[in-house]
Amino acid sequence: MTFLQLLWFILICVVITVYFVLDGFDLGVGVMYPFLGKTEEDKAVLRRSIGPVWDANEVWLLTAGGALFAAFPPAYATTFSGFYLAIMLVLFGLIVRAVAVEFRGKAPQYAKLLDALFVVGSFLPALLFGVAVGNVLVGIPMNANGDYTGTFFQLLGLFPLVCGLLGLAQFILQGCSWAAVKTTGALHERAEKMRKNAQIAVLVLFVVASILFLGFENVPMSSDTSALRILFAAVVVLGVLLGFVFDGRKERGDLSTFISSSVICLGLTGLTFASLFPNIVNGKPFSSSLTIVGSAASENALFAMTVITLIGLTLTIIYQVIIYRTFAGKITPKEAQEY
Amino acid sequence: MDAVLLSRLQFALTVSYHFLFVPLSVGLGLIVALTQTHAYKTGNAKDEATAHFWVKVFTTTFVVGVATGITMEFSFGTNWADYSRFVGDIFGAPLAAEALLAFFLESSFLGVLLFGRKKVSKKFYTVSAWLVWAGSMLSALWILIANSWMQTPAGFEVEQTATGAKAVLTNFAQAALNPSTIPHYLHTVDALLILGAFVTIAVGAYHLLHGDKQFGRSTLRTGTVVAIVTIILMVPFAHIQAVEVGSENPEKLAAMEAQYEDGPVGMSIVGSVDEQNQQLNALEVPIPGITSWLATGDSSTSFQGLNSFGEDDTPPVTMTYQSYHLMVLAFGGIVLWLIFALVQLSRLKKGREPQRGILKALMWAPLLPYVAIFSGWVVAEVGRQPWIVYHQLRTADAISQSVGVPELLITIVLFIVIYALIAVIFLKILIPMLKKGPVVEEATAGDVKAVTGKAAKAHTDAKTTGVKASVARKATSSGEEE
């Protein structure tokens with residue numbers, strides 16, 4: 001394995017983690033929108049809490065997709081075509097929620113429809129990303145060309161479904177934590193309460209998923225990364241525990257709770273990638289897996305990507321710092337009405 | 001129905017829909033930046049209202065472009081897995097670069113345009129408008145780099161692997177700046193800017209007819225000025241593109257003029273192709289070899305005709321031919337409509353009433369660049385067939401083998417339903433917005449007496465607070481960014 005191949009395996013993990021953290025909260029707000037937003041005013045505040053940033057957050061997904069395509073083309077081709085209908089559902093979700101959240105303020109006559117699209121459109125990706133990851137972990141049946149040989153329903157095994165629920169719970173936790181950071185009053189109290197429930201759900205589902213994976217799935221894992229796996233699992237648990245601690249501090253702990261929730265995202269993606277290594281997509285039978293070495297792009301391509309990424313990430317961090325600072329702080333109902 | 005055809009149909013459908021909105025983002029992005037800069041300079045409430053109007057129109061179209069753009073990035077993996085395996089080494093990088101170097105810029109500062117009007121300084125707001133436009137121009141660059149490589153692949157070699165051939169990058173600069181990148185970029189982006197200008201002209205014409213005449217006039221002027229520059233630029237840009245096609249994709253050039261035998265190439269104005277008898281029935285430009293002359297500077301230059309290529313190696317002739325000539329005709333219409341706009345502007349300048357009939361025609365102006373953009377695009381993509389990567393990979397060998405006909409049919413239907421729904425809501429928002437025009441805020445809408453009475457005081461107040469604000473800003477600037 002060359003340095004650049006390993007670097008890109010890690011970079012993909014990093015980009016997915018950042019996506020999980022950032023789009024995680026706006027998808028989570030979308031899923032919890034009907035439960036958090038009891039009044040028209042609440043709903044406007046919730047939409048406004050993600051309004052200026054959701055689009056840039058979603059660009060992290062496009063970056064991850066593009067980076068996977070560029071750095072590990074066969075992995076991109078196999079997973080995207082193999083999970084065809086699931087990916088399409090994710091896609092339809094992302095499309096309708098984007099349109100819904102932007103059009104909602106401009107087309108009051110469609111308020112109900114757009115609200116529904118926003119929620120369903122957020123729910124589908126929040127659930128299905130986890131299902132996809134679960135399948136990549138247990139291995140997907142494929143032929144020599146790397147084409148998926150199973151059916152859509154074969155993707156819905158027990159472990160992948162638990163992963164889907166774990167992902168969903170984590171998206172909800174991100175969403176509620178973010179909502180707590182951005183809101184006040186009754187809305188804030190609801191966010192706080194749901195945040196706590198989500199934390200418990202994440203912990204329980206994480207334990208269930210771990211038992212299923214280690215006890216029943218029998219997926220071989222590299223001994224090189226066993227220390228890392230323990231570390232990332234500890235990071236997940238640490239994130240949950242810190243969340244419980246900061247949760248007790250009420251409003252003063254909001255940002256810290258959001259950060260500890262984000263730490264869980266890091267733990268989950270880190271654990272996934274450490275479990276896959278040295279593969280990038282596990283196959284069934286295991287010998288058909290796509291390895292990092294076997295599916296990496298050429299050194300020339302990886303080098304070009306590294307240069308592009310160094311420039312791009314530096315600029316992106318600058319933009320994102322500017323934007324998050326510009327729109328920092330709690331949102332008042334009055335502000336939420338202004339466009 | 002076979003999977004190749006359905007995959008192509010799905011791609012054509014989703015990318016065409018996406019491309020109804022993208023040209024508006026690029027074209028109107030410039031209009032937003034220009035009107036916002038004007039408002040920043042004058043500080044006039046009316047100019048600010050105009051700029052805000054364009055921001056609203058722009059952001060409404062932009063979001064649909066964003067939402068439907070995700071489809072495109074995913075589609076290479078979902079529907080074109082074997083293509084992705086073949087080109088990943090080269091094609092993935094520009095897609096990632098588009099996200100990293102363009103989308104982040106665009107989307108971050110779009111947030112400022114949408115929600116920052118009362119939060120950030122006017123300067124920051126104006127700079128944001130330019131940055132969003134710069135982002136969209138950069139995104140066009142990266143995606144056209146990727147597309148150009150499919151037309152004129154360079155900087156790679158083909159390697160045989162256990163699962164088939166794949167292209168391997170040897171030189172990034174050569175691949176990115178392949179022979180068609182620059183011609184493609186100039187030609188395409190200029191077309192998008194013409195569309196933006198024509199939308200502006202149409203809005204101006206509508207308001208001269210039905211609404212706020214002053215706004216109508218200034219908008220017509222803005223659109224016309226941008227249109228003059230971009231339409232003049234289109235002449236050299238189109239020429240550069242034609243020269244490139246002539247030298248790099250001779251099959252495409254032959255199909256564009258339905259030239260079956262080798263020889264100098266003329267130019268049709270309108271016509272029809274009898275593919276069976278290899279006959280072209282057309283009204284021609286009465287200068288023999290004019291296309292040869294345009295492409296090489298010599299009217300006697302011989303180009304290969306379609307018969308010089310293998311039967312399985314040439315594009316669909318009628319479609320390529322008709323699309324090309326439709327594009328040229330649409331450009332003729334664009335020039336004519338520009339003249340209409342100029343005539344109306346000069347009438348307005350002389351204090352005469354504009355002609356209502358012509359204004360009504362100008363309201364339909366955006367259709368012409370749309371026709372030109374879409375037909376030109378068909379020339380580029382259909383003219384490349386049967387190759388997905390010219391002379392390297394056939395379209396039929398590029399699809400996802402794991403995706404079957406039922407899945408393709410289901411998703412095509414769902415795309416149609418969802419995209420139609422979005423179109424309906426979009427139009428129900430956009431059309432009233434365009435008709436309503438700019439809304440001048442607060443003070444002027446209120447009691448006139450109160451406003452004039454307080455005007456003098458407000459003026460001095462504004463001055464002093466302005467000074468205070470700038471002092472305060474200086475005081476904090478040492479510790480903060482700025």
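**Close-up views of a predicted two-chain model**

**View 1. Surroundings of A:Tyr319.** Leaving out residues up to four places away in sequence, A:Tyr319 touches B:Phe104, B:Leu105, B:Ser108 and B:Phe109, where contact means heavy atoms within 4.5 Å. The model is predicted: local features need pLDDT of at least 70 and side-chain atom pairs count only at pLDDT 80 or more, while totals for chains, interfaces and linings use all residues. Residues are numbered from 1 along each chain as its sequence is written, chains are lettered from A and ligands numbered from 1 in the order in which they are written, and side-chain values use heavy atoms, with hydrogens and water left out. A:Tyr319 lies in helix H12 (residues 299–326) of chain A; helices (H or I, at least four residues) and strands (E, at least two) are DSSP runs, numbered from the N terminus. A:Tyr319 counts as buried because its relative accessibility is 10%; buried means under 20% relative accessible area, exposed over 50%, and partly exposed in between (1.4 Å probe, protein chains only).

**View 2. Surroundings of B:Thr224.** B:Thr224 is found in helix H7 (residues 213–248) of chain B. Its relative accessibility is 1%, so B:Thr224 counts as buried. Not counting residues up to four places away in sequence, B:Thr224 touches B:Ile201, B:Leu338, B:Ala341, B:Leu342 and B:Leu345. The C-alpha atoms of B:Thr224 and B:Phe340 are separated by 9.9 Å, although these residues are 116 residues apart along the chain.

**View 3. A:Phe72 and the largest nonpolar core.** This core has 252 residues, and A:Phe72 is among those with the most contacts inside it, together with A:Trp8, A:Phe103, A:Ile280, B:Tyr83 and B:Phe91. A nonpolar core is a set of buried Ala, Val, Leu, Ile, Met, Phe, Trp, Tyr and Cys residues joined through side-chain atoms within 4.5 Å. Helix H3 (residues 81–115) of chain B gives the most to this core, with 21 residues. Leaving aside neighbours within four places in sequence, the contacts of A:Phe72 include A:Trp8, A:Ile12, A:Ile280 and A:Ser295.

**View 4. The hairpin of strands E1 and E2 in chain B.** Strand E1 (residues 156–161) and strand E2 (residues 164–169) of chain B pair in the antiparallel sense over 6 bridges; two strands pair if DSSP finds at least two bridges between them. The hairpin joins E1(B) to E2(B) through 2 residues. B:Phe156 stands opposite B:Leu169 in E2(B).
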